[in-house]
Amino acid sequence: MALEKGIAELVQDFVSSGRPSARKQSIDDRRAGYVASTVLAGVTETRVHIETTELEGLLFRVYSPLDSAETLPAVLYFHGGCFISGGFDTHDNQLRQLAYYSRCRVIAVQYRLAPEHTFPAAHDDAEKAARLIWQYAERFGADKNRITLAGDSAGGHLALVTSMRLKAVGEWQPAQLLLIYPMLDATAYFESYTRNGADYVITRDTLLSGYEFYLAGTDRHHPEASPLWRDDFSGLPPTHIITAEFDPLCDEGEAMYQRMTDQGVDCTCQRWSGVIHGFFQLGGVSQAARDVMRDIAWRVSSPGRKD
């Protein structure tokens, strides 16, 4: 399928400007560029209440629909940014929209970023955040039986690995996982890294340089660096994976669907056509982004729903 019109214009601008390399940018410039890109997210949703709180050294931002019940289904959301950027500012509008459309409590956490903090800092923060949401569910207004772990890109990776860590020690499990074009394979094994790796704004180099900063000396085949290749998915909660047609990560997300299904996980996967990596944050220029927001909101509002 052809690129969506708004997405095609972004891609054309990127190609016309010479396909600027993320590797040639400083970390500060990459982070600033990510924040600047939020103008593409569309009109800011205002029909939510927002509160920022610190708990045991982690910073959380809680998004709630107005006039909501004291206890709601909850989403613990891990932001994307290739492990080196991203945070409350880059995902604010999406989290506002998700809270409004789902009528759920959406809880974002700021985890540590590379290169200042390398593996397993982000993983440890994500696991700690999940434990705290469970421990202090009443304080957060979260229904313990209806907690979704979700995230995009690096955040999807963290949602998955967090659930696997909790499973490994026999602790609580979320009601479901929702992985939005997750980073799952630091070895860049699949063909979509070549097919979609140069022209579509978030390039092969963008993604792999993020791994390089975060993993530092860690083996790319480490089970928490490339969770795709694990064989212990059995016992994970129902999982939905979103992929994008023109994303370098498209193939690995769909391979994860197959591997999880083969290992007995109740898993679904949907490829969104005509879009690129990061399209979830492009609601101002992409109809698919607006549609996927409604779809995600529908899924998290009642864990266990089927297509």
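Author: Start with two residues: Y181 is buried, and F279 is buried too. Bear in mind that this is a predicted model.

Reader: Why is the pair of Y181 and F279 called tilted?

Author: The ring centres lie 5.9 Å apart, and rings pair if their centres lie within 6.5 Å. The planes stand at 50°; under 30 degrees would be stacked and over 60 edge-to-face. The pair is therefore tilted. It links distant parts of the chain, 98 residues apart. Y181 is in the loop between strand 6 (176-180) and helix 7 (192-195), and F279 is in the loop between strand 8 (267-272) and helix 10 (287-301).

Reader: How many aromatic pairs does this rule give?

Author: The count comes to 13 aromatic pairs. One of them is F83 with Y211, at 6.1 Å centre to centre and 40° between the planes, which is tilted. Here too the pair links distant parts of the chain, 128 residues apart. F83 is in the loop between strand 3 (72-78) and helix 3 (88-102), and Y211 is in helix 8 (residues 204-215).

Reader: Which residues do ring pairs link into a cluster?

Author: The cluster holds F83, F119, Y211 and Y214.

Reader: What makes the charged end of R47 count as sitting over the ring of Y100?

Author: The limit is 6 Å from the ring centre, and within 35 degrees of the ring normal. The charged end of R47 is 3.9 Å from the centre of the Y100 ring and sits over that ring. K144 lies over the face of W134, at 4.4 Å from the ring centre.

Reader: Why is strand 4 called largely enclosed?

Author: Of the 6 residues of strand 4 (residues 105-110), 5 are buried, so the strand is largely enclosed by the rest of the structure.

Reader: How do you know which strands pair with strand 4?

Author: The test asks for at least two bridges. Strand 2 (residues 58-65) is joined to strand 4 by 5 bridges and runs antiparallel to it. R61 has A108 as its bridge partner in strand 4. Strand 3 is joined to strand 4 by 4 bridges, and these two run parallel. There V75 has V106 as its bridge partner. Strand 3, helix 3 and strand 4 also make a right-handed β-α-β unit.

Reader: Why is the pairing in the sheet called mixed, and what makes a strand an edge strand?

Author: Strands of a sheet can pair either parallel or antiparallel. Strand 2 and strand 4 run antiparallel, while strand 3 and strand 4 run parallel. The open sheet has 8 strands in the order 1-2-4-3-5-6-7-8, and its pairing is mixed. The edge strands are strand 1 (48-55) and strand 8, as each pairs on one side only. From one strand to the next, the twist averages 20°.

Reader: What does strand 8 pair with?

Author: Strand 8 pairs with strand 7 (residues 239-244) in the parallel sense, over 6 bridges. I242 stands opposite Q270 of strand 8.

Reader: Which strands does helix 10 touch?

Author: Helix 10 packs on the sheet and touches strand 3, strand 5, strand 6, strand 7 and strand 8. Its direction makes about 165° with that of strand 8.

Methods: Residues are numbered from 1 along each chain as its sequence is written. This is a predicted model: local features need pLDDT of at least 70, side-chain atom pairs count only at pLDDT 80 or more; totals for chains, interfaces and linings use all residues. Side-chain values use heavy atoms; hydrogens and water are left out. Rings of Phe, Tyr and Trp (its six-membered ring) pair if their centres lie within 6.5 Å; planes under 30 degrees apart count as stacked, over 60 as edge-to-face and the rest as tilted. Buried means under 20% relative accessible area, exposed over 50%, partly exposed in between (1.4 Å probe, protein chains only). A crossover is right-handed if, with the strands pointing away from the viewer, the path from the first strand over the helix to the second runs clockwise. Axes are lines fitted to C-alpha atoms, for helices over the stretch in contact, and angles run from 0 to 180 degrees between N-to-C directions. Contact means heavy atoms within 4.5 Å.
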